[in-house]
Amino acid sequence: MRLELVPRRDVPAAARILAPVAALVASILIGGVVIALMGRSPAAALDVYFIQPLTEGWALQEIAVKATPLLLIAIGLSFCFRANLWNIGAEGQFVMGALVGSILPLVTAGTDAGPWVLPAALLMGALGGLLYALIPALLRVAFGVSEILTSLMLVYVADLTLDYLVRGPWRDPKGFNFPQTVNFDAMLPYLAEGGRLHAGLLFGPIAVLVAWFVVQRTLFGFGVRVSGESPKAARFAGFNPDRLVVAAFCISGAMAGLAGIVEVTGQIGQLKPGISVGYGFTAITVAFLGRLHPVGMLFGALVVALTVIGGESAQIALKLPLDLTRTFQGILLMCVLAADALVSYRVRVVTTARA
Amino acid sequence: MGVTEAILLTVITAATPLLIAALGELVVEKAGVLNLGIEGMMAVGAACGFAAATLSGSSLVGVGAAVLAGLALSAVFALLVLGLATNQVASGLALTIMGLGLSGLIGAGFVGTNRDAIPPVYIPGLTDLPGVGRLLFGESPFVYVSLALALGILWFLGRSRAGLTLRSIGENHVSGHALGLPVLRVRLYAILFGGACAGLAGAYLSLVYTPFWSPGMTAGRGWIALALVVFASWKPLRVLFGAYLFGGATVLQLHLQAASIGFPSQALSAFPYVATILALVVMSVGERKATGAPGSLGAPFVPDR
């Protein structure tokens, strides 16, 4: 027995949009089976994971807060993925952005520095991520080194750098020896009194609009799309592939870096190990769940953020481990890829010997 | 036991999981498939291996469970990239994300459990030989398996007809298909072999190397194994050489950390990752293009009928 793929000729746009929804449903079913295998009630888990967070105000705010870094990183990554470049080190660029962006808030903490610190910090955060993403991009352009492995290796280096700084030179001397820096004065303001929503959330919708415009309405966006779908055509059309690699990596690095510094100045308020809970990797799932479309990724980020919040409450309410959320994210990504293939191809099961 | 002997033993210990996983991936990539799921399969292999060995009390059952776990995960990957022609990079990443989570679920009940490591081989007389006895005749069984794998794969790829078929499919699957070669079936077997190897490498980590299970214990070894394949220009003996070189670098770093020569420990911990990047750069400089990558590596294959 074997599977045979027959390309479908006219795929309706609605089918392409519905594919990730079907994938989500399928992965929830698979997740339910996993939970049942663990001897728990899938119905109770479904309620805690997907229903309860949607009915409580604090949880809805928390979803928006968690979705923001995911969305920013995913939008950046979509430029790479569309151009068939595999930046899988967004996690490292996130951490580097947080690190470089924190320099000014750290230096000015406790002083009467003006309101310029915060915008400068955000800018430096984006720059930090950008420069860090430039390493795999330049290594690829100059030496032909696979960007997949270099970008991933740099995640470990970034994590260790953060670890070194918060345990060593940047440690808060009054912090009872905890590996953490002083608390920043330069923080993103809250959008509403007493809420959890900070001004950094505004970057999400802005990024969606800008990304949509760049991808659909600019020559550069066109070049990114063409070089992903047909590198040869892109070269004949005169797009410089090297410049495209560097540009795509710069965008995704800057977005991840911005996400990093927004996370720090938006809600954490200091540097410490574990400022990222795998946002850089989770954003890969978000990017594909949103089919690399800015609006799609907005929904994707909200859905994945929902599972993160749901996972945290499930850990408390049902004693379900957090690893369940990670497993689910992996299953979700697989289902999204499979659903996309099922939309593009008709699968025929051939049971006889080949004709 | 002399100092040199002790150091060489630890180098081999550090190199063996990398070697086993990288050899498996080498075969997969030679068939034209890029499986980025090694890290995930290794993690699940380590967790399943430890769980099964603890529950059954038999190390052999543990090893078997780890291999089966690697096989099962790679079968899922094969279903995606071969059955549905999905993007290999994204599918492999999904496998790693899922595998790391799954390993946590499986291993959660075994944190803090200890069991005796699988003992090294002991051959009366030979193992007791001064100087080289332990080194040549007293290694872990995994070490001999890994060396046999390296030689077996060298023979298979270079000298056997099936190996030639596999290589030609990896080089150009369109031509292979036109010649009537079973592209997808060969790739399926290659992927399953790679999964079994990754599971076995995971078993080595939790049953010999540590020997306990802890979350995130693979620590990027699956990714380093992937880099080793590139570093070795897709040649089995060079994978062997690269793995031992890398094992040596890891041991050197551990010794430097123990000696505490004023370097921050994090800089030394970062060393393997930086070294991997540098090794990849060195390999690419000069050779520029002809690094020996299989021609169809990473490209999905949909046969036209």
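Read along the sequence, chain B of this predicted model follows the pattern α-α-α-α-α-α-α-α-α-α-α-α. The C-alpha trace of chain B extends over about 60 × 45 × 45 Å along its principal axes.

Chain A contains 14 helices and two strands. For chain A the radius of gyration is 22 Å, close to the 20 Å that the globule rule gives for 355 residues, so this chain too is as compact as a globular protein of its length. Along the principal axes, the C-alpha trace of chain A spans about 80 × 55 × 35 Å.

Confidence was examined for chain A. The mean pLDDT of the chain is 90, and 99% of its residues reach 70 or more. Within chain A, confidence is lowest in β1(A), where the mean is 80. It is highest in helix α4 (residues 90–101) of chain A, at 96.

The interface between the two chains was considered next. In chain A, 48 residues are in contact with 47 residues of chain B. The area buried between chain A and chain B is about 3,900 Å², and carbon and sulfur atoms give 80% of it. Three residues, L149(A), M153(A) and M334(A), supply 17% of the area that chain A buries against chain B, which is more than any other three residues supply.

Between chain A and chain B, the count of salt bridges is zero. Polar contacts are present between chain A and chain B: three residue pairs are counted, with both residues at pLDDT 80 or more. On the side of chain A that touches chain B, at least two residues each come from β1 (2–7), α6 (117–143), α7 (147–167), α12 (279–289), α14 (323–344) and β2 (345–350) of chain A. Of these elements, α14(A) provides the largest share of that side, 13 residues. By residue class, the side of chain A that touches chain B divides into 35 nonpolar, six polar and seven charged residues.

Salt bridges were also counted for the structure as a whole. Over all chains, the structure holds six salt bridges. One of the salt bridges joins R196(A) and E62(A), whose closest N and O atoms are 3.0 Å apart. This pair links distant parts of the chain, its two residues being 134 residues apart. R196(A) lies in the loop between α7 and α8 (203–217) of chain A, while E62(A) belongs to helix α3 (residues 57–82) of chain A.

Definitions and conventions:
Residues are numbered from 1 along each chain as its sequence is written. Chains are lettered from A and ligands numbered from 1 in the order in which they are written. This is a predicted model: local features need pLDDT of at least 70, side-chain atom pairs count only at pLDDT 80 or more; totals for chains, interfaces and linings use all residues. Side-chain values use heavy atoms; hydrogens and water are left out. Contact means heavy atoms within 4.5 Å. Buried area is the accessible area (1.4 Å probe) that two parts lose on being put together, summed over both. A salt bridge is a side-chain nitrogen of Lys or Arg within 4 Å of a carboxyl oxygen of Asp or Glu. A polar contact is a pair of N or O atoms within 3.5 Å; within protein, one must be able to donate a hydrogen and the other to accept it, and residues adjacent in sequence count only if both atoms are side-chain atoms. Helices (H or I, at least four residues) and strands (E, at least two) are DSSP runs, numbered from the N terminus. Ala, Val, Leu, Ile, Met, Phe, Trp, Tyr, Cys and Pro count as nonpolar, Asp, Glu, Lys and Arg as charged, and the others, Gly among them, as polar. pLDDT is the predictor's confidence in each residue, from 0 to 100. The radius of gyration is taken over C-alpha atoms; the globule rule is 2.2 Å times the number of residues to the power 0.38.
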